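Welcome! Please take a moment to look over the sequence and the 3D view, and then we can walk through them together.

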Amino acid sequence: SSTIIVPTSINPMLGDRPFASGDAIGLFYQNDDNEWQCAGYGIWNGTTNLGITVWGDNPDTPIKDGFANRETYTFKVWDAVLGQEWNARATYQTGESFYSVNGISFLASLNVDIPAEQNIFLSSGWNIISSYIEPENAAIPNIFENIVSNVKIVKNGAGQMYDPAFNINTIG
């Protein structure tokens, strides 16, 4: 096993709020079927440093049941307030960002970026819409991928268009 220390002094953040008592911090690896599995977790109380024991793969079993040596840590957080799991980013004061037997790492930061969402309600016919969100992937096919079967034509102010039925995308 190895140990990850999450000091209270780093004030971990979940979006724009500090972690709350009851939030869970877990370290995850991918098993042989590329499924995410937890190899250790702890519950944040905000008053004492959190030590998380992280388990490595047992070489005596035929399946991957823990972190491989030098496998990068992946943090996930259970938000006890919203009842939702989020990916988290960690930086380190000391120690490594990957698993090693008997390793110990102290975090310098732990943050969760909560993605923004905006629901846009459309009426029948043409609609003019605007959004306050800048997508991570701004390609028009990516933006409309979840509703592409309902999209006829999208045009921008410059007259460029996206027509998925004819595989036309002059917007980019």
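First, some ground rules. This is a predicted model, in which local features need pLDDT of at least 70 and side-chain atom pairs count only at pLDDT 80 or more, while totals for chains, interfaces and linings use all residues. Residues are numbered from 1 along each chain as its sequence is written, and side-chain values use heavy atoms, with hydrogens and water left out.

In soluble globular proteins, nonpolar side chains tend to be buried together. A nonpolar core here is a set of buried Ala, Val, Leu, Ile, Met, Phe, Trp, Tyr and Cys residues joined through side-chain atoms within 4.5 Å; buried means under 20% relative accessible area, exposed over 50%, and partly exposed in between, with a 1.4 Å probe and protein chains only. The largest nonpolar core has 23 residues, of which I4, V6, I25, V54 and F75 touch the most other members. At least two residues of this core come from each of β1 (2-6), β4 (24-30), β6 (50-54), β7 (74-79), β8 and β9 (104-112). Strands are DSSP runs of E with at least two residues, and helices are runs of H or I with at least four, numbered from the N terminus. I140, F144, V151 and Y162 are among the 5 residues of a second, separate core.

Strands of a sheet pair through backbone hydrogen bonds, either parallel or antiparallel. Here an open sheet of 3 strands runs in the order β10-β11-β12, with antiparallel pairing; two strands pair if DSSP finds at least two bridges between them. Its edge strands, β10 (154-155) and β12 (168-169), each pair on one side only. Between β11 (residues 161-163) and β12 there are 2 bridges, and D163 stands opposite I168 in β12.

The loop between β11 and β12 holds N167. Its phi is near 55°, a positive value in a residue other than glycine, and N167 is exposed, with a relative accessible area of 73%. N11, in the loop between β1 and β2 (13-14), also has a positive phi, near 45°.

Finally, find G83 in the loop between β7 and β8. G83 is partly exposed, with a relative accessible area of 41%. From G83 to N169 is 86 residues in sequence and 39 Å in space, C-alpha to C-alpha.
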